[in-house]
Amino acid sequence: MRPEQVRKRELKVLTREQREAYFTNGYLVLQGFIGRDWLDRLWEVTNGFIDESRSWTRSDTKFDLEPAHTADEPRLRRLTAPVSHHETYWEFASNGPIVDVAEDLLGPDVVFHHSKLNFKWSGGGEEVKWHQDIPFYPHTNYSVLAIGLYMSDVDDEMGPMGGIPGSQHGQIYSHYNEHDEWVGSMRDEDAARLDVDRTGWMKGPAGTITVHHCRTVHASMPNNSPRMRPLLINAYSAADALPITAHPSPCPQVGQVVRGKPARWARFDADPCPLPPDWSNGYTSIFASQQEEDPSLRAAE
Ligand SMILES: O=C(O)CCC(=O)C(=O)O
C-alpha cells in the first residue's frame with residue numbers, strides 16, 4: 001500500500017503524531033513500548049546464546065564475533081537470524097506488539113524480511129558507520145522498515161542508533177568504496193557532507209523501540225560504557241514491496257506474511273536503487289564489511 005493511503009488508515013497502536021513523525025523524519029522512538037514479560041522471555045533465550053557462543057572461535061552464519069571474543073569473555077557483535085534459532089524470537093517478530101507498529105506504518109499486509117540481534121558489547125563495542133538499509137536488500141518500492149528493541153536501558157554513552165531527519169526523502173548513496181568493493185557504509189566524502197548535527201539519537205529505557213525507514217541515513221557510535229547494548233532488530237516490508245536481489249541471510253521465516261495477505265500485484269517505485277553484490281554466494285555482516293575484515297578468518301560454511 002502506498003504511504004499516502006497508509007496515512008489515512010485507522011491506527012492500531014500509534015498516535016497520528018507518531019505516524020506523521022515517522023513519515024516526516026524517517027524514524028521514530030517509542031520509549032518503554034515493550035513490557036517486562038517480553039523482555040524477560042527474550043533475555044532468557046539470549047543469555048543461553050551468549051553462553052553457547054563461548055565454544056565459538058570464529059564468526060560464521062550464526063554468531064558474528066569481535067576479534068577479542070574468548071570462551072571466558074564472550075564479545076559478540078551479532079546473533080544473525082535469531083528467529084531461525086529460537087521460537088521465542090520468532091513469536092516476538094511474527095506476533096509481538098511490534099507487528100502492530102509495522103502495520104500502522106506499512107499498511108494491512110506485512111511481510112517479515114529479516115532479524116538480527118546486535119549486541120554492541122561493553123568497553124568498545126564497534127561503531128556502525130553511516131549507511132542506509134535499502135542498498136543491502138533492494139525492493140520494488142521503499143515501503144520497508146526496521147524495528148529495533150533495546151533490551152537494556154540505553155544512554156548516550158552506549159552507542160545509541162541515530163538517524164538524520166528527512167534523509168529518507170534524499171538520495172540513496174553508494175555503499176562501495178573507490179575500488180568498487182562493497183563496504184556496507186557510505187563513502188567518507190558523502191558522509192562528510194551529512195548534516196550530522198541534526199542527528200536524532202534514539203535512547204530510552206529497556207523496552208524502548210526504534211523504527212527506521214529503509215532509506216534513512218543512520219549510524220551508531222562505539223559503546224564505551226561498561227554496559228552491553230543489545231538491540232534486537234526485525235525488518236518488515238509491505239507485502240507489495242518484493243525483494244529484487246538474493247537475501248543476505250536467508251532462513252525459513254524470510255518472506256512469511258505476518259499480517260494480512262500476500263500481494264497479488266507488485267508495486268514499483270520509479271526511484272532507482274543501487275544494487276549490492278550477489279549475496280547468493282554468502283554474506284558476512286555489516287560489521288565485517290565496514291571493518292573490511294578478511295573473509296578467510298571466518299569459519300568455513
Ligand atoms: O546496531 C546498531 O547500532 C545499528 C544497526 C544497523 O544500523 C544495522 O544493522 O543496519
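Q: How far does a polar side-chain atom of Ser 220 lie from an oxygen atom of the ligand?
A: In this predicted model, Ser 220 is among the residues that come nearest to the ligand, of the 13 around it. Between a polar atom of the Ser 220 side chain and a ligand oxygen atom the distance is 2.6 Å.

Q: Which side chain has an N or O atom 3.0 Å from an oxygen atom of the ligand?
A: For the side chain of Lys 116, the separation between an N or O atom and an oxygen atom of the ligand is 3.4 Å. The side chain with an N or O atom 3.0 Å from a ligand oxygen atom is that of His 131.

Q: Which element gives the largest share of the lining of the largest cavity?
A: The search of the whole structure finds one cavity of 30 Å³ or more, and the space in the largest cavity is about 330 Å³. Two or more lining residues come from each of strand E3 (76-80), strand E4 (110-118), strand E5 (128-131), strand E10 (218-220), strand E11 (231-238) and helix H7 (286-290). The largest share, four residues, is given by E4.

Q: How many charged residues does the lining of the largest cavity have?
A: The lining is made up of 28 residues, and those nearest the centre of the cavity are Arg 78, His 114, Lys 116, Asn 118 and Ile 286. Sorted by class, the lining has 13 nonpolar and ten polar residues, while the number of charged residues is five.

Q: Is Ser 152 buried or exposed?
A: Ser 152 is placed in the loop between strand E6 (144-150) and strand E7 (161-163). Leaving aside residues up to four places away in sequence, Ser 152 touches Trp 43, Gly 204, Pro 205, Ala 206, Met 228 and Pro 230. Because its relative accessibility is 18%, and the cut-off is under 20%, Ser 152 counts as buried.

Q: What is the relative accessible area of Ala 81?
A: Ala 81 lies in the loop between E3 and helix H4 (87-95), and its phi is near 50°, a positive value in a residue other than glycine. Ala 81 is buried, and its relative accessible area is 7%.

Q: Where does Lys 120 lie?
A: Although Lys 120 is not a glycine, its phi is positive, at about 40°. With a relative accessible area of 5%, Lys 120 is buried. The place of Lys 120 is the loop between E4 and E5.

How values were computed
Residues numbered from 1 in each chain as written. Predicted model: local features only at pLDDT ≥ 70, side-chain atom pairs only at ≥ 80, totals over all residues. Heavy atoms only, no water. 1 Å grid on protein atoms, 1.4 Å probe; cavity = no way out; pocket = protein on both sides within 12 Å on 5 of 7 lines; lining within 4 Å. Points joined across faces, edges and corners; volume = space filled by probe spheres on them. Nonpolar A, V, L, I, M, F, W, Y, C, P; charged D, E, K, R; others polar. Buried < 20%, exposed > 50% of the residue type's maximum accessible area, 1.4 Å probe, protein only. Contact = heavy atoms within 4.5 Å. Near = heavy atom within 4 Å. Polar contact = N/O pair within 3.5 Å; in protein donor to acceptor, adjacent residues only side chain to side chain.
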